[in-house]
Amino acid sequence: MRTCSCLTLFLWIYMFHMVESTQLQERMNRYLQKGRKFSISEDHGKMLRRTKRGWMWNQFFLLEEYTGTDTQYVGKLHTDQDKGDGNLKYILTGDGAGSLFIIDENTGDIHAAKKLDREEKSLYVLRAKAIDRKTGRQVEPESEFIIKIHDINDNEPKFTKDLYTANVPEMSGVGTYVIQVLATDADDANYGNSAKIVYSILQGQPYFSVDPESGIIKTALPDMSRENREQYQVVIQAKDMGGQMGGLSGTTTVNITLTDVNNNPPRFPQSTYQFSSSESVSLGTPLGRIKANDPDVGENAEMEYSLVEGDGSDMFDIITDKDTQEGIITVKKKLDFEKKMLYTLRIEASNTHPDPRFQHLGPFKDTAMVKISVEDVDEPPVFSKPFYLIEVDEDVKEGSIIGQIIAYDPDAIKNLIKYSVDRHTDMDRVFNIHSANGSIFTLKSLDREAYPWHNISITATEINNPKQSSHISVFIRILDINDHAPEFAKYYETFVCENAKPGQLIQTISVMDKDDPPRGHKFFFEPVPEFPLNPNFTIVDNKDNTAGVLTRKDGYSRHKMSTYLLPILIFDNDYPIQSSTGTLTIRVCACDNQGNMQSCNAEALILSAGLSTGALIAILLCILILLILVVLFAALKRQRKKEPLIISKDDVRDNIVTYNDEGGGEEDTQAFDIGTLRNPEAREDSKLRRDVMPETIFQIRRTAPLWENIDVQDFIHRRLKENDLDPSAPPYDSLATYAYEGNDSIADSLSSLESLTADCNQDYDYLSDWGPRFKKLADMYGGDDSDRD
């Protein structure tokens, strides 16, 4: 079967090619005849010879969706000026020249470089010219021609909708219009049958049919009843190639609903109803409900009830409940058990919208008998209404009267009535009632958002007979005032991609308001006045109680700013206007090319900066090693402090004895003044060692004064011997500290720190007398421009 279809397709293409080639050749011949002209010039009175000029080509069409391995041959451009010596160059311009269509500039052969799709473009207009390679002159004027793309059946029919819905009245006759479906085919409707569509029904018979050419769906069965079946699903097929075998097809589904008509009369389920009523019942009190059944729906099932006859037609009334289509029997006049104990009524139910087409099915009404017995009771107080509905604003002040309840004693005695609130229905003690007049007033402030309704029960009791009491429900509706500001409907976890572009929607914000205005909510969104122009984001009010947050710049960086705070001003349109400011936290995240969030945490920031997990571990290890080295160095330093100050007898420090002598300056060639050793102020009588505390404190021996000795060597030996024999003396000879600085230097202090304490300016002119070595100091402190000024 597939081979036959392909063979048919090729035959059609071949025939069209021959016809098109013939037509094009004829147009070509006419063009060439116009191009050949005899021209006579009056110049010099000579006859000019005929000039032949003209283009020639032999193919003007291509098949779409070419799948061959080689480029598809389009045709050949040729001029009679071409002698075949290669002096001419063919140039092609226009639609697709150079990209879709390539010309051989030597031979004029044109090939299609790519596969073409007729549905994208059905024809291409090109221009050709031939120029002389040597002179660059055109040998033929530029000519325009058309390459037409021939269609193949590569597109299936497509319906304008995937799912159709339609309604048709029940009980319709055969051939009633339901709906028209439409399918389109992208193939060429002027070429073959590729775009010729035929409709057929695959599912939905025998109830419906479809016209094969127009796609109109009609009913196929008469008197279809909605009560038996309401919904039908019909599947329609559209097939191209005129419905022939091998054509492409598409389907759609049509959901058809039978709409109701008033073809069913109402009927009471029983012929007699019985009710009873006490004589104390108030006027308008419902005594009972009756209902006639009607299988129709909507307005076709609507009915009204009426009293047609009976001895109680003046005592009772019946009304129709439009919601339930029930008849409610109420008391029209005051009942008295002593006058009449039983009433008989005849009630009729009839459709309010009868259809004249179905009157032959019977009368569209029905009747039933209703019997009402009156009971004798000791009547309690009776309220003026069956229930009370009180509406009060939520901002009413405490102690305000919001309504009044009225009850009376139906008995002849007419006892006085007192009122009270059933606290089981008002445990929070929000309301109270005046016992004498029944005025209800508030005890606490009201809040509609917390409790929009309060249902309390009021008790009316006879004062002289407390056993006679009645209860009534009071429904208190709290009316709203605009006392809440709108706020965000939820917490938004908003993020923006680092590669975001300007104008990109990153968040849609909705708000909520605890208030309930009668005209509905209407919210507005604006930037806060403190920041009217945000350089990073824009707030757009969608005019549907939502707002969109758009990016305002090209790209964001987590390194510079990881989180943005966007304050948004929200206000409503009720009175008084309430507003609030919501802050949207926007995180900067890394996203893929599709805008999907990848990471927003701090670890990602570190990794993005070029530090891997291994590098972080290495850094931590290095820090740990440095800490260990510092601790070891501190421990070694402490250990060294505990070691003896002199380890070897040859330590150079036993030859260094510091006397804190300032010396005689740079010109002093002596090591130190030996006379200082004999200074009586240099001794340290009974001085203990200061670097190590001795374990046992011995009694200190006083030594003989040695400063009278002139021999310094003898003085030192005596000192050494004295310290060697002294058990409390330190064992280190070289650490015997004499702590003697020596006499004052003959040169006074050169410091200027104490100059501020002087009463007058110091004179440093004597520095000039000290020689060249003090010239620098003399220049600094001497003269008129010294620092002392």
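Reader: Which residues does Asp-409 touch, not counting residues up to four places away in sequence?

Author: In this predicted model, Asp-409 touches Glu-379, Pro-381, Lys-414, Asn-415, Ile-417 and Glu-462, leaving out residues up to four places away in sequence. Asp-409 itself sits in the loop between β29 (407-408) and β30 (417-421).

Reader: Why is Asp-409 called buried?

Author: The relative accessible area of Asp-409 is 2%, and the term applies under 20%. Asp-409 is therefore classed as buried.

Reader: What makes the approach of Asp-409 to the backbone nitrogen of Asn-415 a polar contact?

Author: The side chain of Asp-409 reaches that nitrogen at 3.0 Å. The limit for such a pair of N or O atoms is 3.5 Å, so the distance qualifies.

Reader: Is Asn-482 buried or exposed, and how do you know?

Author: Asn-482 has a relative accessible area of 3%, and buried means under 20%, so Asn-482 is buried. Its place is the loop between β34 (469-479) and β35.

Reader: What joins the side chains of Asn-482 and Asp-572?

Author: A polar contact of 3.1 Å joins the two side chains; this distance is within the 3.5 Å limit. With neighbours within four places in sequence left aside, the residues in contact with Asn-482 include Asp-513, Asp-515, Asp-572 and Tyr-575.

Reader: How many disulfides does a search of the whole structure find?

Author: The search finds two disulfides. A disulfide is a covalent bond between the sulfur atoms of two cysteines.

Reader: How do you know that Cys-497 and Cys-591 form a disulfide?

Author: Their sulfur atoms are 2.1 Å apart, and the cut-off is 2.5 Å, so the pair counts as a disulfide. This bond links distant parts of the chain: Cys-497 belongs to strand β36 (residues 494-497) and Cys-591 to strand β42 (residues 579-591), 94 residues apart. Both cysteines are buried.

Reader: Why is the disulfide of Cys-497 and Cys-591 called left-handed?

Author: The torsion about the S-S bond is about -85°, so the disulfide is left-handed.

Reader: What makes Cys-589 and Cys-600 a disulfide?

Author: The sulfur atoms of Cys-589 and Cys-600 are 1.6 Å apart, a distance within 2.5 Å. Cys-589 lies in strand β42, whereas Cys-600 lies in the loop between β43 (597-599) and α2 (602-608), eleven residues apart. The link is right-handed, with 115° about the S-S bond. Cys-589 and Cys-600 are both buried. When the bonded cysteines of the protein are numbered in sequence order, the pairing is 1-3, 2-4.

Reader: Why is Cys-622 called partly exposed?

Author: Cys-622 has 47% relative accessibility. Buried means under 20% and exposed over 50%, so Cys-622 falls in between and counts as partly exposed.

Reader: What makes the pair Glu-326 and Arg-289 a salt bridge?

Author: The closest N and O atoms of Glu-326 and Arg-289 are 2.8 Å apart, and the limit is 4 Å, so the pair qualifies. Glu-326 is in strand β23 (residues 326-331) and Arg-289 in strand β20 (residues 286-290), 37 residues apart. Side chains of opposite charge can pair when their charged atoms come close.

Reader: How do you know that Glu-309 forms a salt bridge with Arg-346?

Author: The closest N and O atoms are 3.1 Å apart, which is within 4 Å. Glu-309 lies in strand β21 (residues 303-310) and Arg-346 in strand β24 (residues 342-351), so the pair ties together parts that are 37 residues apart in sequence. Glu-309, at 45% relative accessibility, counts as partly exposed, and Arg-346, at 26%, also counts as partly exposed.

Technical notes. Residues are numbered from 1 along each chain as its sequence is written. This is a predicted model: local features need pLDDT of at least 70, side-chain atom pairs count only at pLDDT 80 or more; totals for chains, interfaces and linings use all residues. Side-chain values use heavy atoms; hydrogens and water are left out. Helices (H or I, at least four residues) and strands (E, at least two) are DSSP runs, numbered from the N terminus. Buried means under 20% relative accessible area, exposed over 50%, partly exposed in between (1.4 Å probe, protein chains only). A polar contact is a pair of N or O atoms within 3.5 Å; within protein, one must be able to donate a hydrogen and the other to accept it, and residues adjacent in sequence count only if both atoms are side-chain atoms. Contact means heavy atoms within 4.5 Å. A salt bridge is a side-chain nitrogen of Lys or Arg within 4 Å of a carboxyl oxygen of Asp or Glu.
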